[in-house]
Amino acid sequence: MEIDPEARIDHGAPLPPYRQLAGILAARIERGDWQPNRAIPSESQLVQEYGLARATVRRAIAVLVDQGVLFVVPQRGTFVSPVSET
C-alpha cells in the first residue's frame, strides 16, 4: 500500500497509526528526504511532528528496522540503510 509522504495520521482509519507512520517515513525515504547512512529525525521530533505517543513512533521505527529500511546506532540515532545493489 503506497502512502503519500505528505500524509497525516488518520486516527479513524483501519490501518493502525504506527503502520501509517511507517508508511509515511518509508515514502519520505523513497522520495529522498533522507539519504542512506544519514539520520532521520529523532523520536522526540517525530512525536511532535505527527502528534503521536513515543511508543507509537518507536513501533513504526521497529517495523522499518525489521524491513531493513532503517538501522539504529545506540546513542547516535536511527539511520537510513544503505541501498543494496541486488
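Start by selecting Ser 44, which sits in helix H2. Helices here are DSSP runs of H or I with at least four residues, strands are E runs of at least two, and both are numbered from the N terminus. With 36% relative accessibility, Ser 44 counts as partly exposed (buried is under 20% relative accessible area, exposed is over 50%, partly exposed is in between, using a 1.4 Å probe and protein chains only).

A quick word on what you're looking at. This is a predicted model, where local features need pLDDT of at least 70, side-chain atom pairs count only at pLDDT 80 or more, and totals for chains, interfaces and linings use all residues. Residues are numbered from 1 along each chain as its sequence is written, and side-chain values use heavy atoms, with hydrogens and water left out.

Next, show H1 (residues 17-31) together with H2 (residues 43-50): they pack at an angle of about 110°, with axes 13 Å apart. That makes H1 roughly perpendicular to H2 (65 to 115 degrees; under 35 is roughly parallel, over 145 roughly antiparallel, the rest oblique). The axes are lines fitted to C-alpha atoms over the stretch in contact, and angles run from 0 to 180 degrees between N-to-C directions.

Zoom in on the contact (heavy atoms within 4.5 Å). From H1, pick Leu 21, Ile 24, Leu 25 and Arg 28; from H2, pick Leu 46, Glu 49 and Tyr 50. By class, this contact has 5 nonpolar, no polar and 2 charged residues (Ala, Val, Leu, Ile, Met, Phe, Trp, Tyr, Cys and Pro are nonpolar; Asp, Glu, Lys and Arg are charged; the others, Gly among them, are polar).

Stay on H1 and colour its buried residues, including Tyr 18, Gln 20 and Ala 22. The buried residues of H1 pack against H2, helix H3 (54-66), strand E1 (70-73) and strand E2 (77-80).

Last stop: E1 and E2. They pair in the antiparallel sense over 4 bridges (pairing takes at least two DSSP bridges). Look for Leu 70 opposite Val 80 and Val 73 opposite Gly 77. The two strands form a hairpin with 3 residues between them, and Gln 75 in the turn has a positive phi of about 70°.
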